[in-house]
Amino acid sequence: MRPAPPRLARRMLDAVLPRSARGDTVRGDLIEEFGARSQVSPVRARRWYWRQTLAIAARSAVGRTVASDPNDPPVNRGSAGLRDLVLVDLRSAAKALIKARGFTIASVVTLALGLGAATAVFSVVEAVLVRPLPFTDPARVMWMTEVFADTGATMSISWPDFLDWGQRLHVYADLAAIRPTTFNLTGGEIAERVEGREVTWTFLHTLGVHPQLGRDFAESDDRVGAAPVALVSDGFWRTHLAADPGAIGQRLTIDGASRTVIGVLPRGFRYNPLANDAVYLPLGATATEDSGLPDRGNHNNVSAVGRLKPGMTEAAARRELADVEAALEREHPDTNATVAGQVTPVTDRLANGVGSVIATLFGAVAVLLLLAAVNVASLAVARSVSRRQELALRAALGCGRRRLVGYLVIENLLIALTGGLAGLAVGDGLVRALVAAAPPNIPRLDEVGLDAGVWLFVLGASIAIAFLIAVLPGLQASTARGQQALVRASRDDLGASSGQRARRSLMVVEVALAVILLTGAGLMARTLRAVTTVDPGFNPTQLLTVRFSIDGDRSTPARVELFNRRIVAFYDQLLPAIEALPGVVATGAAPSLPIDGANWNSVFVVGGQPVPPRALLPSAAFVPATPGLFTTLGIRLKAGRVFRASDRQDAPDVAIVNEQFVRQFLEGRSPVGQRFKQGWPETPNAWREIVGVVNDVKLNGVEQDTPPEVYLPMAQEPASRSALVVRTAGDPAAMLPAVRAVFAKLDPLLPLFDVHSMDDLVNTELARQRLTMLILIGFATLALVLASVGLYGVVSHGVSARTREIGVRLALGASGRQVVSLFVGQGLVTTAIGLATGCAAGFAMARFVEAQGLLFHVTARDPVAFSTAVVTLFLVSIGACYVPARRASRVDPTVTLRGE
Amino acid sequence: MTTARPLGEFEQLVLLAILRLQADAHGVGIGRALEADAGRSVSRGALYTTLDRLESKGLVRWRLATGGEERARLPRRVYAVTARGLAAIRSSHRAFARMSRGLASILKDSGA
């Protein structure tokens, strides 16, 4: 059998050769010769065939089609001619750039740094904000909740309200309710805590997702009394069910009840990118009488998603929900008077508020990119001045203005694309560093990577930069006209002056951009400082926290009573055992921890005051606490007493409040001895007497305002889901095994989760600011380097262009010092204009950052951030100007004058 | 009418190869002859472009001949030099010879 030429090459030939006998003769020749060459070396023959194909294709690309009939009318001459020109320009540009190595390297490195930073930030933006969620058409899915009508604070949906929504909302094709929960998974080798969600049976259908295995929930699964079933995530299926296709029908023990696995969710499916949902259960099946769900006044952490019908809009959804909520308020004034509905596109909801950080970084990277482009443009102007003669020659030889600009665009495209390519490599490294350094609560960060979108972005940015930096020197060069320019170009200090002007203006822009970045970094650093110096109201060092959740039966009031007694007994055994461990200083328990956030907010009624209307009832964070909690956390008593072991179920009901509570609700009265009642006015709860006041604690995070806080004795308000806090003498983490052992002895099936040291919690809270600040400081440093290099370049170029003038000045008696101050002075004037412009622009930037809510105890006009930026840049530019200026003072006047 | 422009060097070599190859003067043969005797590697793209140009100047003509199995039954072009082509190559050769007169000792290959 004869060897056949490479297929791809043959196809290529077929495409470029005419389909005629003439074309066929060339095809035949190549096949014949390929055959002959294959006898000697098949590899070389293939290579030869490829080479010939490419040569023929290249020719036809520039309009010299091989084997075309000379009698045919010329095809496409115009564009072929243009392509020809582009090829010529490309070659000559590549040669010119290789020759001007220093310029090329400086430009490419500058662009690589700028584009690299841009690439990294763009990748993050793309993955976190832009990339669609793993649902069908996520833009059509709305997220809903109920909020306090007056403050807009989220209260979650009451279950009966949701059921009414299902009947009355017509904008949605599908509607589902969701409640995030954690479950105790037992029955395996170890008891563990898994994240999951309770959802109505329409959930997957609403999102447009189908199980990869088994079936979806059916309506019959979602009723009280239905056979207990569960859907599991792909990850859970792999880790817990051995990725066994036969896992459908298997049983799991979840919160003490046995459930049948009916389906496995598709790989990559996550409803909330932050969560690691393992198990989904039917929500409707849990809505028993005693679950609290059927009570319209209860808002039990339920939210909803709905898929808009075709043609329906977000605005229509808002209107309809407002109407339905208004109707519900009329029908149920007792429970719905203070409630309003809220609609958010699910994509906004799930981006988790990191949008503002990322928008700021995006702005910063745009500034940095612009700065890099300006720097390269400045280099290009300098180069165009020194190659004035070459460009003038081109113009003199009849190269038109357009052609000249075209050539410069090609040259700059080469630079920009090379810079872009190098930038991708830099960006890849930065992305890895960013992902490694990022705080844990940025959604989908694990999906960040350089993909096609990023490549397109870099390509687009490179092309834009190429045009930007081509236009300035291009226009300038093309103003040089023919012979006149040739003559002028030979007197190079004359030609240089207009280039100097252009570079000066670019430097003003560059300094201004650097001011913006430096100020931004300064503001973030000041914010971080302010945040870290806030008094959190407790001492976070050497604290170990562990969460647990006790299962129990609450189906009848009698059983609730029984369960509560069991909980109190559990604490009575747990706390002394922990306290007895060597290395433990103090211990306590509470369901809500500082920084971590309040888990129970409630309205209350203050005694001895007129009861306001429901909508105006005061509310506070309620925290059941064991007596030891205050000393353990280091919360200071301001008045009265802390809890005692005697504050039990049968003793008088008492409470401790914080100073904020006193300021807000008991102004002008002595707080100790005042009475209040948790809940609605008609709720049959006991009146409690305030026995103590403690200092404010940053319950909801360092940056958040301290809420009014109420502590209740754990024995009077037992919490089944709680956290144990242990103050240790040494490293908190080292205490964990002993703590675990105590729990295991009390209840071997009780899983522990969310193990932290309190310092970790605080640090996680600050991680966002810290990362933003680090990135901005990185950008600012880069900006400082670029600006000073640019300034150095301009001044030193000015010095070498004016050597003759300096010679004359020195010959006429000017001192070296005077020459130095001349150049430094000129450089600093440029800097000063840039600084002034930059401060104005920086202020606008600071207002933007402030509006994003990223500043804390620092205003947009923060004098420290601005003056630091200005002084730093000013000092750096003195240095950048002084070095070349000193060189000017060393000019030997006799040498320069002899040159005349 | 005479040819407007003198022949280029590569054009001369191609014409000489056709004259020498006679009935075998098709693309493959011409390419091989140039590579063997003129001692240069020839891009087929350049070769066919040159042949097309010589044709449009009226210096060569060709006829189609059927091709065998070795070339997938694709036809071949067999070239011949026209009278005008012969005149052009003669004129180039004369000019070359005139200019070389008296330089034999210098032009003579010292090696072989």
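Helix 1 and helix 3 of chain B are roughly perpendicular to each other, because their axes cross at roughly 85 degrees. Keep in mind as you look around that this is a predicted model.

The axes of helix 1 of chain B and helix 3 (residues 44-56) of chain B come within 10 Å. On the helix 1 side, the contact is made by B:Phe10, B:Glu11 and B:Val14, and on the helix 3 side by B:Thr50, B:Leu51 and B:Leu54. Sort those residues by class and you get four nonpolar, one polar and one charged.

Helix 1 (residues 9-21) of chain B also packs against helix 2 (residues 27-37) of chain B, at an angle of about 115 degrees and with the axes 9 Å apart. That angle makes helix 1 of chain B roughly perpendicular to helix 2 of chain B. The crossing of these two helices is right-handed. Which residues of helix 1 of chain B make the contact with helix 2 of chain B? They are B:Leu13, B:Val14, B:Ala17, B:Ile18, B:Arg20 and B:Leu21, and they meet B:Gly29, B:Ile30, B:Ala33 and B:Leu34 of helix 2 of chain B. By class, this contact has eight nonpolar residues, one polar and one charged.

Look out for B:Val14 here. B:Val14 takes part in the contact with helix 2 of chain B, and B:Val14 is also listed in the contact with helix 3 of chain B.

## A four-stranded sheet in chain A

Now hop over to chain A. Here you can find an open sheet of four strands, in the order 12-20-11-21, with antiparallel pairing. Which strands sit at the edges of the sheet? Strand 12 (584-590) and strand 21 (752-757) of chain A do, since each pairs on one side only. Ignoring direction, neighbouring strands of this sheet are turned by 15 degrees against each other on average.

Zoom in on one pairing: strand 12 of chain A and strand 20 (residues 721-728) of chain A are joined in the antiparallel sense over six bridges. One bridge to spot on screen links A:Gly588 with its partner A:Val725 in strand 20 of chain A.

Chain A has other strand pairings to trace, too. Strand 13 (residues 601-606) of chain A pairs with strand 14 (residues 619-625) of chain A, and strand 13 of chain A is also joined to strand 17 (residues 675-678) of chain A.

| Strand pair (chain A) | Sense | Bridges |
|---|---|---|
| strand 12 and strand 20 | antiparallel | six bridges |
| strand 13 and strand 14 | antiparallel | three bridges |
| strand 13 and strand 17 | antiparallel | three bridges |

Helix 18 (residues 557-579) of chain A lies across strand 12 and strand 20 of chain A, running at about 155 degrees to strand 12 of chain A. Helix 21 (residues 732-746) of chain A lies across strand 11 (543-549), strand 12, strand 20 and strand 21 of chain A, and runs at about 30 degrees to strand 11 of chain A.

How do these two helices sit relative to each other? Helix 18 and helix 21 of chain A pack at an angle of about 150 degrees, with their axes 10 Å apart. That makes helix 18 of chain A roughly antiparallel to helix 21 of chain A. Their crossing is right-handed. In helix 18 of chain A, A:Phe570, A:Gln573, A:Leu574, A:Ala577 and A:Ile578 meet A:Val739, A:Val742 and A:Leu746 in helix 21 of chain A. Seven of the contact residues are nonpolar, one is polar and none is charged.

## Where the chains meet

So far we've kept the chains apart. In the model, 20 residues of chain A are in contact with 20 residues of chain B. Helix 2 (21-40) and helix 3 (42-61) of chain A each supply at least two residues of the side of chain A that touches chain B. Helix 2 of chain A gives the most, with twelve residues. By class, the residues on this side of chain A divide into nine nonpolar, four polar and seven charged.

## How confident is the prediction?

The model scores ipTM 0.89 and pTM 0.59. Chain B averages a pLDDT of 84, and 93% of the residues score at least 70. Among the elements of chain B, strand 2 (residues 76-81) has the highest mean pLDDT (91), and helix 5 (residues 104-107) the lowest (79).

Key: Residues are numbered from 1 along each chain as its sequence is written. Chains are lettered from A and ligands numbered from 1 in the order in which they are written. This is a predicted model: local features need pLDDT of at least 70, side-chain atom pairs count only at pLDDT 80 or more; totals for chains, interfaces and linings use all residues. Axes are lines fitted to C-alpha atoms, for helices over the stretch in contact, and angles run from 0 to 180 degrees between N-to-C directions. Angles under 35 degrees count as roughly parallel, over 145 as roughly antiparallel, 65 to 115 as roughly perpendicular and the rest as oblique. A crossing is left-handed if the near helix is turned anticlockwise from the far one by less than a right angle, and right-handed if clockwise. Two residues are in contact if their C-beta atoms, placed from the backbone, lie within 7 Å. Ala, Val, Leu, Ile, Met, Phe, Trp, Tyr, Cys and Pro count as nonpolar, Asp, Glu, Lys and Arg as charged, and the others, Gly among them, as polar. pLDDT is the predictor's confidence in each residue, from 0 to 100. Two strands pair if DSSP finds at least two bridges between them.
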